[in-house]
Amino acid sequence: MQQMPYQYFDLRVAAEGAPFAEGLKEKKLLLQRCRDCGHIRLPHAVVCPRCLSGAYDWVPAAGWGEVYSFVVFRRAFHPAVEPCLPYVVAQIQLQEGPICIANVVNCRPNMVYCKQKVKLIWEQIAGERYMPVFVPSE
């Protein structure tokens with residue numbers, strides 16, 4: 001299966017999310033951890049959704065999770081992705097708790113299932129840009 005043409009999908013991040021974008025360049029999936037209550041979150045936000053604190057640190061995800069839900073795309077929404085059909089977009093519940101949305105790659109779409117253990121890998125987009133994707137770990 002052909003690699004997804006991620007270069008067509010530009011990442012736009014608000015100023016407070018700049019560390020997240022920089023982490024992607026270094027192959028690090030960064031999560032926010034509240035300094036007051038310890039809640040780990042993704043997507044990033046200026047305040048903690050649990051305690052409303054504005055104090056947080058950026059911590060790297062361990063790179064493990066499980067498929068929470070997924071969809072198999074069989075029709076192209078853009079001509080550039082036509083060669084990639086079919087492909088999987090999944091909600092991955094990270095080991096740390098948050099759910100992220102990513103592709104599941106390196107397996108046939110009919111081999112993906114809910115609760116499946118997955119691990120994070122990186123696909124190079126262009127230059128020093130990388131996209132987090134997941135592969136089955138079993």
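Buried residues have under 20% relative accessible area, exposed residues over 50%, and partly exposed residues lie in between (1.4 Å probe, protein chains only). The model is predicted, so that local features need pLDDT of at least 70 and side-chain atom pairs count only at pLDDT 80 or more, while totals for chains, interfaces and linings use all residues. Residues are numbered from 1 along each chain as its sequence is written, and side-chain values use heavy atoms, with hydrogens and water left out.

**Figure 1. Overview of the protein chain.** The chain contains 1 helix and 8 strands, where helices (H or I, at least four residues) and strands (E, at least two) are DSSP runs numbered from the N terminus. The order of the elements from the N terminus is α-β-β-β-β-β-β-β-β. The C-alpha atoms fill a box of roughly 45 × 30 × 25 Å along the principal axes. Of the 138 residues, 37% are buried.

Figure 2. A salt bridge is a side-chain nitrogen of Lys or Arg within 4 Å of a carboxyl oxygen of Asp or Glu. The structure holds 5 salt bridges, and one of them joins Lys25 to Glu22 at 3.4 Å, N to O. Lys25 is partly exposed, with a relative accessible area of 34%, and Glu22 is likewise partly exposed, at 41%. The two residues are 3 apart in helix H1 (residues 18-25), and about one helical turn separates them.

**Figure 3. The open sheet S2-S1-S3.** In this sheet, 3 strands are arranged in the order S2-S1-S3 with antiparallel pairing. Strand S2 (40-41) and strand S3 (56-60) are at the edges with a single partner strand each, so one side of each has no neighbour in the sheet. Two strands count as paired if DSSP finds at least two bridges between them. Strand S1 (residues 30-34) is joined to S3 by 5 bridges and to S2 by 2 bridges. Of the 5 residues in S1, 4 are buried.

Figure 4. Leu31 has Val59 in S3 as its bridge partner. Gln32 stands opposite Trp58 in S3, and in S2 the bridge partner of Gln32 is Arg41. S1 and S2 form a hairpin with 5 residues between them, and Gly38 in the turn has a positive phi of about 85 degrees.

Figure 5. Arg35 and Asp57 form a salt bridge in which the closest N and O atoms are 3.0 Å apart. This pair links distant parts of the chain, with Arg35 in the loop between S1 and S2 and Asp57 in strand S3, 22 residues apart. Arg35 is exposed, with a relative accessible area of 54%, whereas Asp57 is partly exposed at 29%.

Figure 6. The closest N and O atoms of Glu66 and Lys115 are 3.9 Å apart in their salt bridge. Glu66 lies in strand S4 (residues 64-73) and Lys115 in the loop between strand S6 (99-104) and strand S7 (117-126), so the pair ties together parts that are 49 residues apart in sequence. Glu66 is buried at 18% relative accessibility, whereas Lys115 is exposed at 59%. Together with Lys117, these residues are linked in a network of salt bridges.
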